[in-house]
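The following note sets out points for a colleague who is examining this model. Each point can be checked against the coordinates.

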Amino acid sequence: MVTRGAMTPEHARRGPRPSTALAVALAAVVGGCSFQVIKSAPPRSTWPDPVLPDSSERACTDTIGLPVVDTIIGGSLGTLTYVERNSGSRTITIGIGLAALPYLASAVYGYVQTARCRHYKALFRPKP
């Protein structure tokens, strides 16, 4: 007799449920907010030096909200990977770990781009 909730050898051999596999695949495809939404600053070689009254400032994203969201999602998936490492299903563990990578890469991209944007926008602020 098997108690409710216990994993039988037959259940362990079945592999990941389609809903789990779909969720992992969707997370890998969606990628991260920073890659999709952040507007980067223009290339450094085009920054005005010095800034003149007729210099125009291009719009770029200087807030770190999106990279923080990417960090939370990627960190959560990474933590889940660590928790699931001994669960008996390597496929699920590897899938969750791979799903975390685009979010973490997107977070790094977002932090770098927002820092560049802040440096760019600082050129246009009046100096005391």
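Predicted model: local features only at pLDDT ≥ 70, side-chain atom pairs only at ≥ 80, totals over all residues.

1. By contrast, Cys-33 has a relative accessibility of 25% and so counts as partly exposed.

2. How many disulfides does a search of the whole structure find? The search returns 1 disulfide. This bond joins Cys-60 to Cys-117, with an S to S distance of 2.0 Å. Because Cys-60 belongs to the loop between H3 and H4 while Cys-117 belongs to helix H5, the pair ties together parts 57 residues apart in sequence. The disulfide is right-handed, because the torsion about its S-S bond is about 80°.

3. As to the overall fold, the protein chain contains 5 helices and 0 strands. Along the sequence the pattern reads α-α-α-α-α. Of the contacts in the chain with a separation of 6 or more, 78% are between residues 24 or more positions apart.

4. Burial and surface may be taken together. The chain has 128 residues, of which 26% are buried. Its accessible surface amounts to about 8900 Å², and carbon and sulfur atoms contribute 63% of that area.

5. The structure holds 3 aromatic pairs. In one of them, Trp-47 and Tyr-120, the ring centres are 5.4 Å apart and the planes meet at 50°, so this pair is classed as tilted. Trp-47 is in the loop between H3 and H4 and Tyr-120 is in helix H5, so the pair ties together parts 73 residues apart in sequence. Both residues are buried: Trp-47 has a relative accessible area of 11%, and Tyr-120 has one of 2%. Tyr-120 also pairs with Phe-124 in an edge-to-face arrangement, at 5.3 Å centre to centre and 70° between the planes. Trp-47, Tyr-120 and Phe-124 thus make up one aromatic cluster, the planes of Tyr-120 and Phe-124 being over 60 degrees apart.

6. The bond joining Asp-49 and Pro-50 is cis, with omega about 0°. In general, most peptide bonds are trans.

7. Is Ser-34 buried or exposed? Ser-34 lies in helix H3. Its relative accessibility is 0%, so Ser-34 counts as buried. Leaving aside residues up to four places away in sequence, Ser-34 touches Leu-66, Pro-67, Asp-70, Ser-106, Tyr-109 and Gly-110.

8. The last point concerns the surface. A nonpolar patch is formed there by Ile-64, Val-68, Ile-72 and Tyr-111, which together have about 320 Å² of accessible area. Tyr-111 lies in helix H5, which covers residues 90–122. With a relative accessibility of 33%, Tyr-111 counts as partly exposed, because that class runs between the 20% limit for buried and the 50% limit for exposed.

Conventions
Residues numbered from 1 in each chain as written. Heavy atoms only, no water. Patch = residues over 30% accessible without salt bridge, like charges linked within 9 Å, V, L, I, M, F, W, Y side chains within 5 Å. Areas by Shrake-Rupley, 256 points an atom, 1.4 Å probe, with all protein chains shown as cover. Salt bridge = Lys/Arg side-chain N within 4 Å of Asp/Glu carboxyl O. Helix = DSSP H or I, 4+ residues; strand = E, 2+ residues; numbered from the N terminus. Buried < 20%, exposed > 50% of the residue type's maximum accessible area, 1.4 Å probe, protein only. Contact = heavy atoms within 4.5 Å. Disulfide = S-S within 2.5 Å. Phe/Tyr/Trp six-rings, centres within 6.5 Å; stacked < 30°, edge-to-face > 60°.
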